Amino acid sequence: MFWNKEVECINRTEMDNLQLERLKSIVKHAYENVSFYRNRFDEIGLKPEHIVTLKDIEKIPFTTKDDLRDNYPYSLFAVPMKKIVRVHASSGTTGKPIVVGYTRKDMENWSESVARLIVAAGGSEDDIAQVVFGYGMFTGGFGLHYGLEKVGITVVPSSSGNSERQMMFLEDFGSTIIVGTPSYVLYLSEIAEEMGITKGRHKLRIGLFGGEGHTPEMRAEIEKRWGILATENYGLSEIVGPGVSGECYNQCGMHINEDHYYPEIIDSDSGKTLEEGQKGELVLTTLTKEGIPMLRYRTKDITMLNFEPCKCGRTNVRMNKVLGRTDDMLIIKGVNVFPSQIESVLVGMDHVGPHYQIIVKKKGYMDEIEVLVELIDGNMLEKFSELENLEKDIRHKLRAVLQIDAKVRLVEPKTIERFVGKAKRVVDLRNV
Ligand code: DLL
């Protein structure tokens, strides 16, 4: 099933033409209405009319999160405030958040983008969707909400937190779709189990997961616990929020809504554009955004593009699962380590649960990591040799994947922190 078959299955030449026409127009819009872009262009003698082919996008300087922060709150807006019908903000770890604004047309395009990924996952107006993303300045709750309504799905906007009440709604209202971060939906499976809400007492069939990454192993674990098909979607506030891309029910990469968001992959050190199939940093340009156009925004997310048409019939380019963020990458003893690599080892192993924490410390001049993993059966802590064997086994598997030694600490069940939004699995003690 498709939400907008015409665009989702368009042929490449037509998509290229559409993108080029929109690129020219968004560049002109940004240049004429945002002094930040005008100054950037003028500094290098670039004019909107120099964008003649899609490849010319490479002439445009990158935009970064710092540019949004420096222009807090509204200086990157390209329309008068009376045309803005919504703002959202994304909190950074330090300082002021970044603020984004949407016109009425932007809101329409946003819900259209989200509607596509919901239908691609198998959602239809027969469904009842419970949104357990936080509502508020975070784009996740409202973003999915409007897309679901557009499809005609009954929305249960229960938001995040108050997990027992969530599970009561889930059972009593007969929710068939759950929408949230994978880590929160994993946590909710524990609550459901404690409350005895097993398959048969709930009607869930689809999970729409996003806002953070999760490994295929973690997806399999959540699918097993709930008995659902889980698809993943991706997005970021700076570009639109959720809706940049989403998987179809085949679960083989996230289809980018490339008529609205133009993707490039760059080498994050050199800034050079990479070929299809090469792994690097995703850079996105909004092709239709009126409120706050983003030209060549550096997402810091590492992925690759696949232009092969999908089994589902969609031709829109797919992005692979995000491997991690350039700023989440740990460098341990000179080796690059992504938390997702550790997750892929731990989740699904015998005797340990899918919850973990990675502690990074300094030992002398060297960084080292310790991985905390929960036992499924706390009694194992008494059985010294079994514990030692399990620890050895995990260390060995981590070494094979990471190429470095990691310490492993097995801990009591349900002692590692649970998350109601995006998980924070890395505790960095290097600068404390
Ligand atoms: O997380 C938007 C969103 C909400 C997308 C709900 C999907 C569903 P921000 O809070 O601005 O926006 O965070 C954006 O989250 O740059 C990625 O690093 C990460 N992220 C989002 N989705 C995924 C995903 C929303 N599927 C940042 N896989 C992005 C990996 C993801 N990382």
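Counting a salt bridge as a side-chain nitrogen of Lys or Arg within 4 Å of a carboxyl oxygen of Asp or Glu, we find 37 salt bridges here. The structure is a predicted model, in which local features need pLDDT of at least 70 and side-chain atom pairs count only at pLDDT 80 or more, while totals for chains, interfaces and linings use all residues. Residues are numbered from 1 along each chain as its sequence is written, and side-chain values use heavy atoms, with hydrogens and water left out.

Here are three of these pairs:

| Pair | N to O distance |
|---|---|
| K65 and E238 | 3.3 Å |
| R418 and E190 | 2.8 Å |
| K407 and E368 | 3.9 Å |

R418 sits in the loop between β20 (407–411) and β21 (426–428) and E190 in helix α8 (residues 182–194), so their bridge ties together parts 228 residues apart in sequence. (Helices, H or I of at least four residues, and strands, E of at least two, are DSSP runs numbered from the N terminus.) Both R418 and E190 are buried, where buried means under 20% relative accessible area, exposed over 50%, and partly exposed in between (1.4 Å probe, protein chains only). K65 is partly exposed at 25%, whereas E238 is buried at 4%. Elsewhere, R22, E112, R116 and D259 are linked in a salt-bridge network.

Now to the ligand. It is surrounded by 22 residues, the closest being E232, N233, S237, D301 and K422; a residue counts as near if one of its heavy atoms lies within 4 Å. A polar side-chain atom of D301 lies 2.6 Å from a ligand oxygen atom. Strand β7 gives the most to this shell, with 5 residues.

Methods
A polar contact is a pair of N or O atoms within 3.5 Å; within protein, one must be able to donate a hydrogen and the other to accept it, and residues adjacent in sequence count only if both atoms are side-chain atoms.
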